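Dear colleague,

I am handing over the structure that we spoke about, and below it I have written out what was found. Please read the text with the model open beside you.

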Number of protein chains: 2
Amino acid sequence: MSVLDVLLGRPLSSREAEGEHIGPLAGVPVLGLDALSSAAYGPEAALTLLLPLGAMGLPYIGPISALIIAILAIVYVSYRQTIAAYPGGGGSYTVAKENLGPRYGLLAGAALSLDYILNVAVGISAGVGALVSAIPSLLPHTMSLCLLILGLLTLINLRGTRESGLVFMLPTYAFVGTLGTVIVVGLARSIASHGHPVAVTVPPTVPAATQVASIWILVRAFASGCTALTGVEAVSNGVPLFRKPTVPLAQRTLTAIIAILVVLLGGIAYLSYAYHIGATTPGEAGYQSVLSMLVAAVFGRGIFYYFTIGAVVAVLALSANTSFADFPRLCRVLANDRYVPGSFAVRGRRLVFSQGIILLAVLAGVLLVAFGGITDRLIPLFAVGAFLAFTLSQAGMVRHWWRVRGHGWLRSAVVNASGAAATGITLVVVAVSKFTEGAWLTMVVMPLLLLFFLGVNRHYLRVSRQIGTIAPLELPGRHDPIAVVAAGSWSKLTQQALKFALRLTEDVYVVQVRTERDSIEDLADNWDLLIGNPARAAGIAAPKLITLCSDVRLFFKPFVDFVVSLEEAHPDRDVVVVIPDLVMTHWYENILHNNRGAFLRMVLRTRCGARTIVVNTPFHLHD
Amino acid sequence: MSVLDVLLGRPLSSREAEGEHIGPLAGVPVLGLDALSSAAYGPEAALTLLLPLGAMGLPYIGPISALIIAILAIVYVSYRQTIAAYPGGGGSYTVAKENLGPRYGLLAGAALSLDYILNVAVGISAGVGALVSAIPSLLPHTMSLCLLILGLLTLINLRGTRESGLVFMLPTYAFVGTLGTVIVVGLARSIASHGHPVAVTVPPTVPAATQVASIWILVRAFASGCTALTGVEAVSNGVPLFRKPTVPLAQRTLTAIIAILVVLLGGIAYLSYAYHIGATTPGEAGYQSVLSMLVAAVFGRGIFYYFTIGAVVAVLALSANTSFADFPRLCRVLANDRYVPGSFAVRGRRLVFSQGIILLAVLAGVLLVAFGGITDRLIPLFAVGAFLAFTLSQAGMVRHWWRVRGHGWLRSAVVNASGAAATGITLVVVAVSKFTEGAWLTMVVMPLLLLFFLGVNRHYLRVSRQIGTIAPLELPGRHDPIAVVAAGSWSKLTQQALKFALRLTEDVYVVQVRTERDSIEDLADNWDLLIGNPARAAGIAAPKLITLCSDVRLFFKPFVDFVVSLEEAHPDRDVVVVIPDLVMTHWYENILHNNRGAFLRMVLRTRCGARTIVVNTPFHLHD
């Protein structure tokens with residue numbers, strides 16, 4: 001079997017497939033796409049914050065990137081342990097729930113949900129940002145392009161077409177390969193020119209400083225840059241995907257992803273300093289992404305440039321797809337634990353969890369529209385959720401080691417604790433520094449989401465308490481029901497309903513509701529002829545005609561009152577209300593008929609008790 | 001009883017009220033509002049077309065107005081006869097239907113419907129045009145003002161608050177009184193100054209000519225000005241409103257309306273010539289209505305000016321209300337003849353025909369938005385419908401006289417024939433000259449509307465052929481039905497459904513549909529314990545358990561197939577399908593539950609035959 005065959009059989013969705021397993025080569029694209037793609041927007045986000053410092057801001061990108069890489073290293077060591085401890089897959093929700101309790105699990109679930117939704121928006125808008133940098137004439141269409149890609153991703157995921165592994169493999173390695181080449185070549189030129197390389201395509205001059213450097217600006221730049229860390233947890237979620245020996249292979253994959261990410265982050269930071277590349281203001285004319293300027297500076301705007309940017313666009317757009325794989329699954333886990341509606345655990349017609357996909361698409365679309373399709377504005381919202389999930393997951397791991405207390409548990413606990421501390425501190429930094437820029441929104445939405453989860457759970461518990469039983473059936477003994485036929489004028493519809501009632505029981509009421517203005521015939525006029533005489537001839541009890549008078553405003557009230565009184569007068573019998581139902585040949589014909597029957601059914605359902613049963617006798621029209 | 005009391009009791013809606021009748025004094029506002037208000041936009045529409053001729057265009061307003069007044073005179077004489085011939089009310093739909101056949105009636109109905117919708121849009125936008133002429137700072141809000149007035153009218157009509165007659169009386173007579181004063185005073189000054197009166201507030205200079213006069217421009221100006229004739233038919237529709245002697249009073253009212261209209265049209269035409277008042281371009285800065293300039297020229301912009309413009313605004317906005325009174329009634333007539341859905345003949349909770357009102361508001365709103373709230377652009381659409389209805393109605397009258405052939409029938413027929421000819425020719429002129437400006441749209445919409453009417457009628461005929469019967473009931477003889485219970489896991493819901501089935505019949509199937517991935521318990525596991533043993537103990541036939549296996553894609557298919565096979569196997573018995581139904585305490589809880597029950601009901605309704613009856617057993621949750 002060729003490598004390609006192996007790859008073609010390895011879509012992201014194979015996380016589901018039992019029996020087939022992957023190694024690091026496929027693991028890096030499948031589980032690392034989200035993490036690697038963040039190299040494309042993390043450094044840019046930090047540089048954007050440094051914009052007001054002008055050229056003076058560029059040197060700060062070095063220390064900021066170093067700090068981010070240090071945190072990345074801590075997180076890496078911490079997640080290696082999670083992989084070893086949860087070979088069955090240790091998502092933040094699971095780890096937090098099992099070790100810290102369901103509430104913390106739900107908090108992680110809420111954080112992750114937000115994270116996934118924001119990841120779609122950020123991934124797509126960053127991809128489109130890279131695209132419009134390469135082809136500036138597309139700039140006015142930023143929003144439409146974002147929604148177009150979102151629509152395509154949604155459609156693909158709803159169709160459940162298992163994307164071949166190639167879709168992930170090619171752009172991922174193209175991304176890594178081209179950016180790696182840019183970094184190596186750029187580094188070599190920089191060394192050759194003693195740190196003063198000449199750009200092939202000169203990047204726009206960094207604008208003049210409008211502010212001087214302050215701790216506050218640097219902290220905010222760091223907080224923005226931290227989005228580069230998102231997606232690192234994916235491998236620990238996906239451990240069961242790996243072939244044996246599972247844990248070492250998963251750890252090796254994580255190592256590969258982190259190593260590549262470190263090279264990319266460090267390289268981009270150094271080169272943007274060396275080539276004097278600052279951010280440009282997103283959403284304004286002349287905007288160009290940092291990566292675009294960087295590639296152009298090293299290689300010029302040739303074929304290689306467009307190939308590289310193509311890979312970046314593809315990887316960013318596909319990184320949004322990670323959410324489409326993970327969000328519906330998180331929803332399913334939450335649905336199985338009864339924290340969200342059960343329908344999230346129901347597979348759609350194409351065997352995917354359609355409801356989760358649709359919800360994700362709608363929410364991400366709302367975000368894209370609300371924020372005008374500009375990544376930068378979405379990033380503050382993004383990081384809080386991701387770091388909260390990180391922190392909860394690793395804090396859960398500390399608790400895990402404490403509970404297990406196996407060989408060397410203290411060392412493991414210390415490693416995870418330092419991971420939790422690093423991400424926890426980062427969380428606080430991000431939350432505080434980004435509070436006014438939108439992080440407050442995350443902090444409002446997360447508790448609301450938590451309340452929603454708990455409310456849903458309370459509802460389901462109430463329902464199962466009320467409907468649950470293990471008692472055997474009490475056999476009721478047969479009783480003929482009382483039948484009530486809702487009649488208009490004398491027609492085959494009414495006849496059919498009445499016939500059904502008469503086959504069921506001898507105790508039939510035909511109820512006609514009339515208004516003063518009504519032009520329908522009074523059934524009493526021909527009652528004997530149409531019903532009374534045939535019944536007498538057959539020697540059975542004739543149905544009883546009840547004529548009720550109604551005003552227009554509350555047409556059904558007398559009818560419903562009559563049914564309620566029947567149900568109360570006969571505590572041991574069912575009341576079967578028979579409503580004739582005209583079934584159209586074509587759906588659009590329904591607008592030509594009033595929906596009194598459906599309305600009456602609704603009123604009876606809520607007003608009457610458990611022994612009132614509503615029946616529609618279908619009369620099928622033909623062409 | 002004072003005059004005011006009489007008036008206060010005479011809202012437009014009293015067309016409905018039996019027993020109370022009106023004379024000419026109340027008749028002019030109630031039935032003449034639409035006709036009189038058109039004096040406010042007809043001449044302006046003609047002058048707008050003359051704009052390219054500059055000052056050279058002004059003299060042409062005289063002959064054009066004279067021609068319009070001549071047609072008005074012919075139409076007047078013709079409608080006087082319609083009043084005499086149809087004392088029960090001779091709307092265009094009725095007259096055309098009874099004399100020319102249902103298709104022509106429908107054509108008139110389609111024309112009238114369009115006319116009413118356009119009248120709302122034109123009335124409101126002309127009213128707002130008059131308002132922004134008086135208060136130019138409102139100009140940017142033209143659209144919002146239009147929609148605001150439309151919303152208010154809709155609300156008032158939906159609430160069914162019977163507007164007191166004063167609402168119509170005061171503005172109508174204020175309109176007639178103030179404009180009459182303007183015309184008389186302006187005329188006097190013109191005579192005193194030998195045809196060269198000096199304007200108190202000088203109107204804007206008529207812009208330089210950009211074209212020379214051509215027949216084509218004059219024809220188009222005439223066609224636009226013809227909108228001044230709309231609304232003349234209202235009296236002939238409303239004859240039954242008048243007190244005895246009905247016909248003479250109605251004729252006198254028509255005479256009064258036409259006389260006032262002639263004075264207004266002639267006066268406005270003469271004064272705009274005398275004072276050199278041309279139209280200004282609607283929707284552009286500096287726009288001012290012709291009436292506004294005229295009143296300001298004669299009286300200056302004092303209190304009288306604002307009072308006059310206030311009356312104009314009120315009359316125009318109220319003229320839209322005429323459609324709100326007539327359109328729903330036309331819909332009701334069409335619904336009673338089964339050309340539109342029956343719900344248009346159903347009175348809403350406030351005793352008005354809500355559906356017609358809402359439809360009218362939505363369509364007029366769409367028009368206002370599509371045309372930017374500018375009257376001028378709507379006028380081409382307007383006139384075609386009105387003149388088609390005129391022509392059909394009068395042609396119908398010719399046929400009427402021919403059929404009746406009473407004393408002097410030939411004279412009457414000739415009068416109506418000349419009316420039909422005059423309006424028919426005008427119709428052709430308007431249709432041709434306004435074709436590219438939007439009249440083509442009317443000519444596309446009208447046939448489509450006609451096809452819709454006929455399609456709806458065909459549907460209802462098909463239904464009544466299929467359901468109609470006068471045969472007495474065939475008594476079926478009692479048969480126990482077969483019951484099929486759709487079961488999930490064992491719960492009080494399932495129990496309740498099963499109990500209902502067992503009270504109904506001994507022949508009960510419990511059907512559980514399972515998928516491979518399902519986690520619900522297999523009912524077979526505890527069948528004997530829960531159902532079998534109790535049944536054996538009671539000595540009755542135990543329900544039969546049917547377990548069906550399904551894939552996810554077509555979950556209900558095996559179930560529905562089973563029901564269909566049962567129905568086919570038992571041609572003499574009903575199959576009652578029992579689906580448990582959880583009734584929530586709060587409506588929003590429904591989103592937490594899947595709608596499989598509702599979906600199954602829908603599938604069964606369409607797939608199964610007339611003997612398969614679907615039943616929901618309601619289980620009411622409590623808090």
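Through which surface do the copies meet? They meet through the same surface, because 100% of the interface residues of chain B are also interface residues in chain A. Contact here means heavy atoms within 4.5 Å.

Before going further, please keep in mind that this is a predicted model, in which local features need pLDDT of at least 70 and side-chain atom pairs count only at pLDDT 80 or more, while totals for chains, interfaces and linings use all residues. Residues are numbered from 1 along each chain as its sequence is written, chains are lettered from A and ligands numbered from 1 in the order in which they are written, and side-chain values use heavy atoms, with hydrogens and water left out.

Chain B is superposed on chain A by a rotation of 179° with 0.2 Å of shift along its axis, at an RMSD of 0.6 Å (copies are superposed by least squares on the C-alpha atoms of residues with pLDDT of at least 70 in both). That is the relation of a two-fold axis. Of the residues of chain B, V615(B) comes closest to this rotation axis, with its C-alpha at 2.8 Å.

Next come the helices (DSSP runs of H or I with at least four residues, whereas strands are runs of E with at least two, both numbered from the N terminus). In chain A, helix α4 (residues 61-85) packs with helix α11 (residues 246-274) at an angle of about 175°, and their axes are 10 Å apart; axes are lines fitted to C-alpha atoms, for helices over the stretch in contact, and angles run from 0 to 180 degrees between N-to-C directions. α4(A) and α11(A) are therefore roughly antiparallel to each other (angles over 145 degrees count as roughly antiparallel, under 35 as roughly parallel, 65 to 115 as roughly perpendicular and the rest as oblique).

In chain B, helix α7 (residues 142-159) and helix α14 (residues 354-370) pack at an angle of about 175° with their axes 10 Å apart, and α7(B) and α14(B) are therefore roughly antiparallel to each other. Among the residues that make this contact are C146(B) and L150(B) of α7(B) and L368(B) of α14(B).

I124(B), F175(B) and V232(B) have the most contacts inside the largest nonpolar core, which has 141 residues (a nonpolar core is a set of buried Ala, Val, Leu, Ile, Met, Phe, Trp, Tyr and Cys residues joined through side-chain atoms within 4.5 Å, and buried means under 20% relative accessible area, exposed over 50% and partly exposed in between, with a 1.4 Å probe and protein chains only).

Elsewhere in chain B, V485(B) lies in strand β1 (residues 482-487) and, at 1% relative accessibility, counts as buried. The C-alpha atoms of V485(B) and G54(B) are separated by 83 Å, and these residues are 431 residues apart along the chain.

Some backbone details remain. A cis peptide bond joins K244(A) and P245(A), with omega about -5°, and another joins K244(B) and P245(B), with omega about -5°. R405(A) is not a glycine, yet its phi is positive, about 45°; R405(A) lies in the loop between α15 (375-404) and α16 (409-433) of chain A and, at 45% relative accessibility, counts as partly exposed.

With best wishes
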